[in-house]
Amino acid sequence: MKRCFLMQIMIFILVGNLLNGQTLSKAKLDNFIDSLIRQNSIPGLSIAVVYGDSIIYAEGFGVKKIGESDSINEHTLYEAMSLTKSFTATIIGTLVDEGRIKWTDPVINYIPGFKTSEPYITQTLTIQDLLTLRSGLMDGDTLSGQNRKDLIPKIQNLKISNSFRLTQSSYNLNYALVGLIEESVLEKSWEDIVKIRILTPLEMNETFTDLPTALCYKNVTLPHITEKGEVLSINWSDYSLYRPAEGIYSNVLDLAKWAQFQYSSGVINNKPIIKPETLDYIQQPQTIALDFFREFFNPEANFMTLSHGWFVSDYKGYKLVQMGGLSYGTTNLISIIPSEKIGIIIQSNKGFVFDTFVKINYKIFEDFFR
């Protein structure tokens, strides 16, 4: 009898939690977001919320260009920026599954001519060091060239941090090098690799890996900045040199598929894409992140760590997996609680609005866990 009573309580709790997510109040959330973007002079914003296999909320707010009336919706395309890093890291995971590489393989095994100013680091720097941004290479994101291979001879002129494997630096250079490794192993361009291994299997048909193709998409927004108190639109930027770090252009509906994949056990449409244990490993903390990332993504966190293409922290006892993408005129954030199969994707056509995103995140999570 007592056991039966306890079972009834457990069922009530589980169903109650499920209903909280499924009955997310659209009207209240619409009003909350609309109020925030007006208060913070944000021209436009798109958001999607996933729960299990479903997108339970998807909406657009505001306009694509300040001063004009063309409205944003859930299909509107943005510069996804550093959200790209999680795609590049996942490709490495698939190559690990296939036995083609190891996380701890030295970079010099795959990039001919790779050399840093410190012989020890040249010999010992690993793929995992790059993915977790702990290469120690300083000011690498300022390098220029016609293509990614042009970066290689310039690396030996970069300073090395005194805190090798402890300090995050050269965020985009690290991933540009990972992209070169993937191209070396698979003998294809990084752009084609992403399409073949991720975008096509996940049916992310509104996601692009180069700016010219993205601009052919009919539903695009312009980035915006605030200058002398006025919000102004600016042109999109072409990140071709650092595409493995920040070269994806996407919308919240396609990124909702990416968020769902993160708690899918690596299977999409009954087709295994990556081993469950590898997907889990990609999301495991590897090193302590700089504290300003906590302020960006999850100020209530007790800790903030780096994994492979993701930041991992805590929310009310749950593991929270996040990645932000930022340019002068665009802000993006994916937040996932894998154990509960919840994900939130937010994109805005204004830069440096993570504080607004955090408020939206906490509002939604509170509805789920109230």
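Arg134 sits in the loop that connects helix H5 (127-131) to helix H6 (152-155), where helices are DSSP runs of H or I with at least four residues, strands are runs of E with at least two, and both are numbered from the N terminus. The model is predicted, so local features need pLDDT of at least 70 and side-chain atom pairs count only at pLDDT 80 or more, whereas totals for chains, interfaces and linings use all residues. Residues are numbered from 1 along each chain as its sequence is written, and side-chain values use heavy atoms, with hydrogens and water left out. With a relative accessible area of 13%, Arg134 is buried; buried means under 20% relative accessible area, exposed over 50%, and partly exposed in between, for a 1.4 Å probe and protein chains only. Not counting residues up to four places away in sequence, Arg134 touches Gln128, Asp129, Phe164, Arg165, Leu166, Thr167, Gln286 and Thr287, a contact being heavy atoms within 4.5 Å.

Turning to the sheet, eight strands form an open arrangement in the order S2-S1-S14-S13-S12-S11-S10-S9, with antiparallel pairing. Strand S2 (54-62) and strand S9 (287-288) are at the edges, each with a single partner strand, so one side of each has no neighbour in the sheet. Two strands are taken to pair if DSSP finds at least two bridges between them. Strand S1 (residues 44-51) pairs with S2 in the antiparallel sense over eight bridges, and with S14 in the antiparallel sense over seven bridges. Val49 illustrates both pairings: Tyr57 in S2 stands opposite Val49, and Ile344 is the bridge partner of Val49 in S14.

Strand S14 (residues 342-348) is mostly covered, with seven of its seven residues buried. In a regular strand the side chains alternate between the two faces of the sheet. In S14, Ile342, Ile344, Ile346 and Ser348 point one way, Gly343, Ile345 and Gln347 point the other way, and all are buried. Strand S13 (residues 331-337) also pairs with S14, in the antiparallel sense over seven bridges, and Ser335 stands opposite Ile344. S13 and S14 make a hairpin with four residues between them, and Lys341 in the turn has a positive phi of about 55°.

Tyr318 belongs to strand S12 (residues 318-326). At 26% relative accessibility, Tyr318 counts as partly exposed. Leaving aside neighbours within four places in sequence, Tyr318 is in contact with Ser313, Ile337, Ser339, Glu340 and Phe369. Ile282 is 36 residues apart from Tyr318 along the chain, and their C-alpha atoms are separated by 17 Å.

Among the helices, H7 (171-186) can be checked against the expected span, defined as 1.5 Å times one less than the number of residues. The 16 residues of H7 should span 22 Å, and the end C-alpha atoms are 23 Å apart, which agrees. Of these 16 residues, 14 are buried, so H7 is largely enclosed by the rest of the structure. Just after H7, Glu187 takes a positive phi of about 55°.

Grid points are joined across faces, edges and corners, and a volume is the space filled by probe spheres set on the points.

The largest pocket holds about 650 Å³ of space. Its lining has 28 residues, of which Ser82, Asn172, Glu246, Leu326 and Ser327 lie nearest the centre. Strand S3 (78-81), H7, helix H13 (291-297) and S12 each supply at least two residues of this lining. By class, the lining of the largest pocket divides into 16 nonpolar, eight polar and four charged residues, where Ala, Val, Leu, Ile, Met, Phe, Trp, Tyr, Cys and Pro count as nonpolar, Asp, Glu, Lys and Arg as charged, and the others, Gly among them, as polar.

The second largest pocket holds about 300 Å³, and its lining residues include Asp53, Leu202 and Lys341. Helix H11 (252-261) and strand S7 (267-268) each supply at least two lining residues there, with H11 giving the most, three residues.

Key. On a 1 Å grid over the protein atoms alone, a cavity is a set of points where a 1.4 Å probe fits but cannot get out, and a pocket is an open set with protein on both sides within 12 Å along at least five of seven lines; lining residues have an atom within 4 Å of a point.
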